[in-house]
Amino acid sequence: MGQRSFGYATSPGIVREQNEDSLCIRPDLGLWAVADGMGGYKAGDMASRITVEQLADDVGNGVSLSLAISEVHQKILNIARTDVALESMGSTVVALKVDGNAYEIAWVGDSRAYLWNGRQLVQLTRDHSYVQSLIDAGTITEAEAEIHPERHAITQALGAEGIAAVEVGTINGIFKENDMVLLCSDGLSNEVGDDEMSSILAQHGSEQMKAEQLIDRAEQNGGADNISVILVGPDPAVAAKAIDEKPGAPWVNPLVTEGKGRGHQFWIWMVILFLTLFLSVMFVYDII
């Protein structure tokens, strides 16, 4: 079994003094997560910290990723009701759980997950946001969403009052040889476009180096919010196995010709046999 590679970095950004993001880095559990807290200096920091700590505890005890996130929502609500200063606290989250070469991503809010396959960057998550609902309804385009005055308004958050149960988005996938999953808070995605992300991820270097470069680029582009990044690559041994052994596909010896090939071989051998018999008969008659 190989060693899964990963890197991570976080920054308060250029404008804000306090970093309300929290990271979960638990390779022993196959778990990584980014939580983006909200609600002010004290509340936001606490909400994101509760999110990653409770998530790790629950997943470590065998709770599924989506259920663990749902339970975090209830825990933040309960704690917030005990202190007036915490009433407005909440957090978004995007989490990655890996088991061998299979992975699950779950999220609430606008923290995102992307897949980089060595050539192309694809957004895996779908924001729980007001502008995304407008895009889904066909009211605005994605280009218009980038400059919409309500582009930072989210429709789902852990700890949000008035939401009895959060909608946990989930997606499953299989790591291939060159795949890398990027988890980030909106402090990255709001400042760094897909093309810029791709140019950094395409460079040679470790996941740690690339995570730090993504943070640097977000700061260079304004750094208006807290910025957090986690990059997780495949386990080299497991990913290679995933390519060689396609799930559900029978193993085929490459030295054996399949399909029509077997039919062609049959008729070739029949022709050779016929010619051999014919020549043998002719030889017998010549002798006689």
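1. **Basis.** The model is predicted: local features need pLDDT of at least 70, side-chain atom pairs count only at pLDDT 80 or more, and totals for chains, interfaces and linings use all residues. Residues are numbered from 1 along each chain as its sequence is written, and side-chain values use heavy atoms, with hydrogens and water left out.

2. **Overall fold.** The protein chain has 9 helices and 10 strands. Both are DSSP runs, numbered from the N terminus: helices are H or I with at least four residues, strands are E with at least two. The chain has 288 residues, and 43% of them count as buried. Buried means under 20% relative accessible area, exposed means over 50%, and partly exposed lies in between (1.4 Å probe, protein chains only). Take the contacts between residues at least 6 apart in sequence: 68% of these join residues at least 24 apart. Contact means heavy atoms within 4.5 Å.

3. **Largest pocket.** This pocket holds about 1100 Å³ of space. A pocket is found on a 1 Å grid over the protein atoms alone; it is an open set of points where a 1.4 Å probe fits, with protein on both sides within 12 Å along at least five of seven lines. Grid points are joined across faces, edges and corners, and the volume is the space filled by probe spheres set on the points. The lining has 37 residues, and Arg 112, Asp 127, Arg 151, Ser 189 and Asn 190 lie nearest the centre. Lining residues have an atom within 4 Å of a point. Elements giving two or more residues to this lining are β3 (31-38), β6 (112-116), β7 (121-123), α3 (130-136), α4 (142-145) and α5 (186-189).

4. **Lining by class.** The largest pocket is lined by 9 nonpolar, 14 polar and 14 charged residues. Ala, Val, Leu, Ile, Met, Phe, Trp, Tyr, Cys and Pro count as nonpolar; Asp, Glu, Lys and Arg count as charged; the others, Gly among them, count as polar.

5. **Second largest pocket.** Here the space is about 180 Å³. Its lining has 15 residues, with Glu 177, Asn 178, Asp 179, Glu 207 and Pro 234 nearest the centre. By class, this lining has 6 nonpolar, 5 polar and 4 charged residues.

6. **Ser 189 and Cys 184.** Ser 189 lies in helix α5. It counts as buried because its relative accessibility is 16%. Leaving out residues up to four places away in sequence, Ser 189 touches Arg 112, Tyr 114, Cys 184 and Met 197. Cys 184 sits in strand β9 (residues 180-184). Cys 184 is also buried, at 0% relative accessibility. With the sequence neighbours up to four places away left out, its contacts include Val 34, Ser 111, Arg 112 and Ser 189. Cys 184 and Ala 33 are 151 residues apart along the chain, yet their C-alpha atoms are separated by 8.6 Å.

7. **The α6–α7 pair.** Helix α6 (residues 194-201) packs on helix α7 (residues 207-220) at an angle of about 145°, with axes 9 Å apart. Axes are lines fitted to C-alpha atoms, for helices over the stretch in contact, and angles run from 0 to 180 degrees between N-to-C directions. From α6, the contact uses Glu 196, Met 197, Ser 199, Ile 200 and Leu 201; from α7, it uses Lys 210, Gln 213, Leu 214 and Arg 217. That gives 4 nonpolar, 2 polar and 3 charged residues.

8. **Glu 196.** Beyond four places in sequence, Glu 196 touches Glu 191, Arg 217 and Asn 221. The C-alpha atoms of Glu 196 and Leu 214 are separated by 8.8 Å.

9. **Ala 35.** This residue is found in strand β3. Ala 35 is buried, at 0% relative accessibility. Among the residues it touches, those up to four places away not counted, are Glu 20, Asp 21, Ser 48 and Val 93.

10. **His 128.** This residue is found in the loop between β7 and α3. His 128 counts as buried because its relative accessible area is 12%. Setting aside residues up to four places away in sequence, its contacts include Trp 107, Ile 154, Gln 156 and Glu 167.
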